Amino acid sequence: MSLEELYRSVILDHYRNPRRRGSIEGDHVHAEGLNPSCGDEFALDIAVEDGTVVDAAIQGHGCSISQASGSMMAEAIIGKSLLEVDELIHKFKLMMAIEEGENPIDESKPGAVLGDLEALQGVRKFPVRIKCADLPWATLQDALREVTG
Amino acid sequence: MTDLRHLRKDFPVLERTVNGKPLAFLDSAASTQKPVQVLEAMDDLYRNHYANVHRGSYQLSIESTAAYESARVRVADFIKAPDPNELVFTKGTTAAINHVAYGWGLDNLSAGDRILLTKVEHHANIVPWQIIARHTGAELVYLDIDEDFQVDISSLDDILDERVKVVGVTAMSNVTGTIGPVRELADAAHQIGAIVVVDGAQAVPHSPVNVSEMGADFLAFGAHKMLGPTGIGALWGRMELLEQMEPAEGGGEMITDVRLHESTWAPVPQKFEAGTPPIAEAVGFGAAVEYLQKVGMDAVRTHEIDLTRYALQRLAEIPDLTVYGPADPDNRGGAISFTLADIHAHDLATILDQEGVAVRAGHHCAKPLMRHLEIPATARASFYVYSIREEVDQLVDGLHHAREVFGVA
Ligand SMILES: Cc1ncc(COP(=O)(O)O)c(C=O)c1O
């Protein structure tokens, strides 16, 4: 268990310079997530056209893990079809041991499966922090439920 | 400097390591560790005397009842209650405040009435009143805090008018360490006929408390923050008010007679102790206050002021660290909330945990206060009788390390 593994520079970079922060002006779906025990807040706007995520914007505040996870997530979902987003969520949750199953990450090819998001793997070893990493993803799932009705 | 380090041998858990480092337990404001004296008192009850209380006419029940009732006497004596029957055992601080909110509030509040609280209150002294306000139509109003995190009573005359029927105040904040102006509020409240409910969850464990001098009408506190077990606390109230107040819970043990459509209540305190009480927990509570009385509450307070002074000095050495609480250690409790640069409190807590240092991170059940301070979360270090300066040093080293991990220049 090393702190360096938890706080990879990629994570600190996304924490300090979150991508896609803001909101979407045009047609979009909005979802909010909250971890009542720690007070972390995350909110997401996504715009979907013809079954593809064309835009995403994030708001909120919280620890480096939750905010970096959200920032990376927002970048990762843009341009993906809803099916691909579902697949991404599934892989992320497997990587974080939130869903049961084999970790899809290929240790020999860092970044090959989930890109920057793989930096969050270290969180697995800090079980109390897994819910921080998951907050944006749970919020995304809420948003998607609204999209698909 | 009062050195209480000889007490550490009574707390077995303090010898353990965490993540390969000696444990520095700095989260006593959330719950304290337990000395063997408390564990043994509870164990002895279960092994040798245990049965339900107030019911059986056989030897074990008589012994359990005696142990339970003598714990009441001890805890009442600890806060200098004039009459041990004024001490009601509850599940904890939260339950004690709820007893007053429901028992007194539902009957005595109505639309147009006001409940005056302060912005440093714990959710336990806010949410029950919000619920009662919803039921009765009463309204909540709040006293502000000033730049030194003290409850601002400069505008008390404006806010405390005859509409105010209840004043709720913490005697010591679990976030900022602020010592609530209980005496001043009580004197002013009594002039207009309002009652004063004091959240003593932190003040009772950490400072000498005398309910007669305090001027309050009700005082709520819990055992687990003062060396005792979880699951038990107390509500002290002035007998006259307890006698008038309705029970918030009904059931066995709290009645004199039960008929099909109505019942009559048992005398105070049984009236408020529906159901089988936490018997061993009461005994543990009694053992905890006995332990604290042996140490002496003046010594406890002096020790904590020493440690707080030392901690505030050492924390001031760390660049980009902000403390949220009164500056003068003599005029505050020992809960020290802080933030460090742009490092979120949860990240701080994780990093400190790797160094064996246990601190709390978050909103500390005081979200209105956090909103007022415009911060989402703080890390909090807090002490108790067994805390030592070396643990503060370990915290400070951990915070320097956190700066490195986060690359704070
Ligand atoms: C000031 C204060 N009030 C109330 C409480 C509630 O205590 P409990 O959760 O033991 O009922 C606490 C502890 O969390 C506290 O610090």
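Modeller: Happy to. Let's start with the open sheet of 4 strands in chain B, whose order is 13-14-17-16 with antiparallel pairing. This is a predicted model, in which local features need pLDDT of at least 70 and side-chain atom pairs count only at pLDDT 80 or more, while totals for chains, interfaces and linings use all residues. Residues are numbered from 1 along each chain as its sequence is written, chains are lettered from A and ligands numbered from 1 in the order in which they are written, and side-chain values use heavy atoms, with hydrogens and water left out.

Strands here are DSSP runs of E with at least two residues, helices are runs of H or I with at least four, and both are numbered from the N terminus. Two strands pair if DSSP finds at least two bridges between them. Strand 13 (321–324) and strand 16 (360–362) of chain B each have a single partner strand, so one side of each is left without a neighbour in the sheet. From one strand to the next the twist averages 30 degrees; axes are lines fitted to C-alpha atoms, for helices over the stretch in contact, and angles run from 0 to 180 degrees between N-to-C directions.

Strand 13 of chain B is joined by 4 bridges to strand 14 (residues 336–340) of chain B, and the two run antiparallel. In that pairing, T322(B) has T339(B) in strand 14 as its bridge partner. Helix 12 (residues 345–354) of chain B packs on the sheet, touching strand 14, strand 16 and strand 17 (378–381) of chain B, where contact means heavy atoms within 4.5 Å. The direction of helix 12 makes about 160 degrees with that of strand 16 of chain B. Helix 14 (residues 389–405) of chain B lies across strand 13, strand 14 and strand 17 of chain B, running at about 20 degrees to strand 14.

Chain B also has an open sheet of 7 strands, with mixed pairing and the order 4-10-9-8-7-5-6. Its edges are strand 4 (87–90) and strand 6 (139–143) of chain B, each with a single partner strand, so one side of each has no neighbour in the sheet. The twist there averages 20 degrees from one strand to the next. Within this sheet, strand 7 (residues 164–170) and strand 8 (residues 195–199) of chain B run parallel and are joined by 5 bridges; V169(B) has V198(B) in strand 8 as its bridge partner. Helix 6 (residues 182–191) of chain B packs on this sheet, touching strand 6, strand 7 and strand 8 of chain B, and its direction makes about 160 degrees with that of strand 8.

Now for the neighbouring chain. The contact takes 20 residues from chain A and 16 residues from chain B. Together the chains bury about 1,500 Å², 53% of it on carbon and sulfur atoms; buried area is the accessible area (1.4 Å probe) that two parts lose on being put together, summed over both. L3(A), Y7(A) and R16(A) supply 33% of the area that chain A buries against chain B, more than any other three residues. There are 2 salt bridges between chain A and chain B, a salt bridge being a side-chain nitrogen of Lys or Arg within 4 Å of a carboxyl oxygen of Asp or Glu. D347(B) forms a salt bridge with R129(A), with the closest N and O atoms 2.8 Å apart. Helix 1 (3–6), helix 2 (9–16) and helix 3 (64–77) of chain A each supply at least two residues of the side of chain A that touches chain B.

One backbone detail in chain B is also worth a look: the peptide bond from V268(B) to P269(B) is cis, with omega near 5 degrees. P269(B) lies in the loop between strand 12 (263–265) and helix 10 (279–295) of chain B.
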